[in-house]
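Try each task before reading its solution.

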Amino acid sequence: KGRNDYLLNHERRHFDVAELHARFLRKAFQEFQPGTLNTINSDVEYIFNAIWASYNSIQEQYDRDTQHSLNKDMQRQWDKYIKEQLEQFAKYAK
């Protein structure tokens with residue numbers, strides 16, 4: 001049971017990274033100042049693509065750093081980092 005809980009924690013952090021990037025997207029769109037009607041689509045696409053690239057990069061880095069949960073010290077560090085980031089961007093949760 002302990003190992004299953006540990007693995008579940010690792011997988012939950014993947015979910016939390018997705019939630020964090022959803023918050024980044026909400027923040028970006030709340031702060032978005034459209035340039036012109038001609039560029040609004042490309043501006044929105046640029047914002048989305050930048051956050052999507054960050055999401056993929058962080059997910060990969062998380063698995064690399066934690067060795068898919070095998071590195072317990074790194075797992076603890078990532079747990080803390082992700083928790084802090086979610087707290088920092090809590091106002092964009094909804």
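**Exercise 1.** Decide whether isoleucine 47 is buried or exposed.

*Solution.* Start with the relative accessible area, which is 16% for isoleucine 47. Buried means under 20%, exposed over 50%, and partly exposed in between (1.4 Å probe, protein chains only). Isoleucine 47 is therefore buried.

A word on the source: this is a predicted model, in which local features need pLDDT of at least 70 and side-chain atom pairs count only at pLDDT 80 or more, while totals for chains, interfaces and linings use all residues. Residues are numbered from 1 along each chain as its sequence is written, and side-chain values use heavy atoms, with hydrogens and water left out.

**Exercise 2.** Find which residues isoleucine 47 is in contact with, leaving aside neighbours within four places in sequence.

*Solution.* Take contact as heavy atoms within 4.5 Å. With those neighbours set aside, the partners of isoleucine 47 are Leu25, Ala28, Phe29 and Phe32.

**Exercise 3.** Work out how far isoleucine 47 is from aspartate 63, in sequence and in space.

*Solution.* Along the sequence, 16 residues separate the two. From C-alpha to C-alpha, isoleucine 47 and aspartate 63 are 25 Å apart.

**Exercise 4.** Classify aspartate 16 by its accessibility, then list its contacts.

*Solution.* Aspartate 16 sits in helix H1 (residues 2-31). Its relative accessibility is 16%, so aspartate 16 counts as buried. Beyond neighbours within four places in sequence, aspartate 16 is in contact with Ile82 and Leu86.

Note on methods. Helix = DSSP H or I, 4+ residues; strand = E, 2+ residues; numbered from the N terminus.
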